[in-house]
Every structure is written in structure tokens, then in C-alpha cells.
Amino acid sequence: MFEHLTALPQDPILGLLQLFRNDERASKIDLGVGVYKDAQGNTPVMKAVKQAELRLLEQEQTKSYIGPAGTEGFGRSLAGLLLGDNNPLLDSGRLTIAQTPGGCGALRMAAEFLMLCNRDATVWVSNPTWGNHIPLLGGAGLNIKEYSYYSKTTHGVDFDAMMADLQQARAGDVVLLHGCCHNPSGADLNIEQWQAVTDLILDKGLLPFVDIAYQGLGLRLDEDAAGLRQLAEQVPELVVAASCSKNFGLYRERTGALVILSATESQAKTGASQLFSAIRGHYSMPPSHGAAVVETILTDSALRASWQGELELMTQRILGLREQFVTEMARYDLDFSFIARQQGMFSFLGISPEQVLEMREKHAIYMVDSSRINVAGLSDANIPVVAQALRSVMR
Ligand code: LMR
């Protein structure tokens with residue numbers, strides 16, 4: 001029966017990994033998949049992660065099952081990172097937290113949970129959004145609609161168009177927001193815009209769903225979660241999918257969390273029973289290692305300070321690269337100043353798919369077809385090369 005299957009194209013983001021590996025040109029530059037890179041182009045294990053791993057290696061007592069929710073310590077500390085360690089919601093009994101296999105696991109289980117709540121709900125996603133959002137959410141059976149988000153003219157958020165589109169959402173619909181560092185555009189809502197979206201959500205009876213995969217990589221940990229925290233204070237119900245891939249550099253360990261805020265403690269208990277049963281039916285329980293590392297770091301003040309310091313350096317590096325790239329393009333009289341106004345790992349260069357192909361084929365510079373670049377893939381050494389190639393394809 002396998003003969004009935006038809007082959008699918010490669011994933012537009014992950015497919016680039018293979019293409020890049022196969023390219024034999026020594027000069028090749030990878031601005032594709034969203035992983036942090038240092039000045040040498042490496043994606044190192046963070047120091048606090050290494051130390052936590054050493055500690056776990058010595059102290060871990062068992063590899064026995066952890067259950068569908070994962071560990072309480074991880075859930076509590078990650079929810080604290082997201083919502084603020086002193087947030088009263090942490091002790092309200094209204095939170096259901098699941099340790100998940102990466103942010104993807106959180107998104108997919110959120111979608112399964114939403115299907116159990118309301119099969120007819122439509123999830124509104126930004127246009128554009130991360131390439132895996134629609135497969136992950138739509139694959140669970142949810143209806144998807146897009147709201148306008150990115151303006152190719154201003155290179156910022158087209159907020160009026162966004163609000164106008166969300167006015168069309170019906171009570172019970174779900175609005176997916178990027179917590180910070182919008183992927184793929186790098187254009188984020190400011191705090192007043194978060195408030196306006198919160199008001200609209202409350203007004204229309206919508207359910208906010210925040211995907212936060214880059215906390216700490218925009219500006220700083222607290223600032224990057226400010227919109228989410230402001231929203232969480234005001235809404236009765238909320239879904240948050242978080243990833244530790246980027247801010248802890250735990251990509252391959254698949255570490256994330258799904259946090260669901262219910263209106264009452266009793267609804268949270270019922271919701272938890274449904275969610276954990278759904279998890280049991282999908283992958284039974286999450287992997288342990290990455291979450292144990294995160295818990296170790298977040299609950300030890302010295303490790304936490306080391307991790308936060310290293311994360312801040314990474315973020316400063318990305319912000320610096322943004323400035324440097326703008327300056328380099330200005331040498332060719334090309335205005336890319338918007339890149340320095342955006343945040344996080346990604347920005348669009350704004351070139352056509354044909355120009356993206358030319359960048360790849362002629363110049364060995366890899367980026368997603370949409371012209372999304374991973375800013376962290378830039379470096380002092382390659383910025384002049386990228387800038388020159390970009391100028392040449394833009395001619
Ligand atoms: C990206 O957007 O490049 C990352 O989130 C990696 C992925 O899984 O797509």
C-alpha cells in the first residue's frame with residue numbers, strides 16, 4: 001500500500017540544511033535555519049548548559065518515566081521565566097503546564113487541546129508566520145485564517161490592517177501571536193499595540209495563543225516577555241507555547257513547554273486531565289534531559305546568572321550585526337536601516353525568490369526563499385561578502 005504515497009518537497013527551512021551541507025564551495029555562507037552562531041560560525045553549547053549536564057551526570061539517580069506532564073520543577077521554573085517569577089498566577093491553581101518535545105511539541109499539543117475545546121474554532125495566524133505553524137496547527141484539524149501583519153513598505157507591523165482583519169474573528173476564535181522576535185519578519189508589536197490587541201481579544205471573546213520561541217534574544221528576558229505578561233494579567237484564558245531551543249541552545253534536546261491558563265481552578269483541573277490524556281495518546285511523555293538542564297539552571301542562582309549573561313552577549317552580538325549590516329549596505333547607497341529597527345534572529349531582505357536563488361547559486365549564500373535571513377549567521381568576516389552579493393543581485 002505504500003505505492004499510493006507521493007513524494008513531498010523538502011521542508012522550506014530544514015531542506016536548506018542539506019543543500020548547504022552538500023555545497024562544496026569553501027566560501028559558502030549559511031543564513032538559513034534559525035540557530036544562533038558565534039563569530040566563527042559555530043553553535044556552541046552554552047557554558048551553564050555544560051555545567052548543568054555535568055552536575056546531572058553525577059547526580060541523576062534514575063532514568064525512570066516522568067509522566068505526560070514532565071517534571072513539576074521544570075514547569076514551575078519555565079512558567080516563572082515566561083510570566084515573571086513573582087507572578088501570582090504561578091500559585092493560582094489556574095495554570096496547566098506540560099513539558100513538551102520542543103516548541104513544536106507544545107504547539108501541536110496546544111492544537112490538539114484546542115480541537116478538544118472547540119473543533120470549529122479558527123486560528124488566526126499572522127501573514128507571514130513561521131513556516132511550520134500552519135502544518136502543526138492545521139495538521140491537528142484546526143481551521144486557519146491569516147491576519148495582515150508585515151508591511152513590505154515600512155518593514156514594520158501594519159497594525160491598522162492587522163486590527164481590521166482581527167475584527168472579523170468570531171467569539172471563540174484563537175489569535176496566534178509571536179511573543180517576541182517575530183519569525184520570519186523581525187517586526188514586533190510595541191507594548192501599546194499589545195494592549196490594543198488585548199482589548200480586542202477581550203472585546204470579541206477571542207482566545208490568545210502566544211508562541212514564544214526567542215525570549216531573551218530580542219532585547220532581554222523580561223522585556224521580551226512584557227507583552228505576554230501584560231496580556232496574561234488581563235485575560236481569563238490563555239495558551240502559551242514556549243521553546244528552549246534558542247535561548248538555552250538546546251535545539252536537539254527538544255525542550256519546550258505548553259502553559260495553559262484557565263478561568264478557574266476547576267476548569268484547569270478538567271483541562272489538565274484532557275491535555276495529559278491527549279499527550280499520552282501522542283507521545284506518552286516528553287524527553288527528560290533538556291528540561292532537566294533548564295530546571296537545573298533556572299533553580300541555581302550562579303548557573304542562572306551565567307546563562308543569562310551568556311544569553312545577553314548573544315543578543316548584543318545579534319543587535320550589533322544588525323547595525324553593521326545596515327552600515328555596510330549604506331556604503332552602496334542602499335537603505336536597509338529597517339534591519340536595525342527589527343529584533344531577534346530574523347529579517348527579510350526583501351528580494352525576490354529569483355534573487356534568493358541567485359544569491360545561492362552564484363554567491364553560495366543560503367537563505368529561505370522568502371528572503372528571510374538568520375541574522376546570527378552574519379559575522380564581521382562575511383558581512384562585506386553578503387552586502388556585495390546582495391548589491392549585485394539587486395542591480
Ligand atoms: C527556524 O525558523 O529556522 C527555526 O525555528 C528552525 C525550524 O525548525 O524551522
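**Note on the pocket, the cavities and the overall fold**

1. By class, the residues that line the largest pocket comprise 16 nonpolar, 10 polar and eight charged ones, where Ala, Val, Leu, Ile, Met, Phe, Trp, Tyr, Cys and Pro count as nonpolar, Asp, Glu, Lys and Arg as charged, and the others, Gly among them, as polar. This is a predicted model, in which local features need pLDDT of at least 70 and side-chain atom pairs count only at pLDDT 80 or more, while totals for chains, interfaces and linings use all residues. Residues are numbered from 1 along each chain as its sequence is written, and side-chain values use heavy atoms, with hydrogens and water left out.

2. The largest pocket has a volume of about 830 Å³, and of the 34 residues that line it, L14, V33, G34, V35 and K246 are the closest to its centre. On a 1 Å grid over the protein atoms alone, a pocket is an open set of points with protein on both sides within 12 Å along at least five of seven lines, a cavity is a set where a 1.4 Å probe fits but cannot get out, and lining residues have an atom within 4 Å of a point. Grid points are joined across faces, edges and corners, and a volume is the space filled by probe spheres set on the points.

3. Helix α1 (14-22) and helix α4 (102-117) each supply at least two residues of this pocket's lining, and the largest share, four residues, comes from α1. Helices (H or I, at least four residues) and strands (E, at least two) are DSSP runs, numbered from the N terminus. Domain 1 (11-44 + 303-394) and domain 2 (65-299) each give at least three residues to the lining of the largest pocket, with bounds that come from an automatic or database domain assignment.

4. A search of the whole structure finds two cavities of 30 Å³ or more. The largest cavity holds about 50 Å³ of space, and α3 (72-83) gives the most to its lining, with three residues.

5. For the fold as a whole, the protein chain has 15 helices and 11 strands. Buried residues (under 20% relative accessible area, with a 1.4 Å probe and protein chains only) make up 54% of the 395 residues in the protein chain.

Conventions
Buried means under 20% relative accessible area, exposed over 50%, partly exposed in between (1.4 Å probe, protein chains only).
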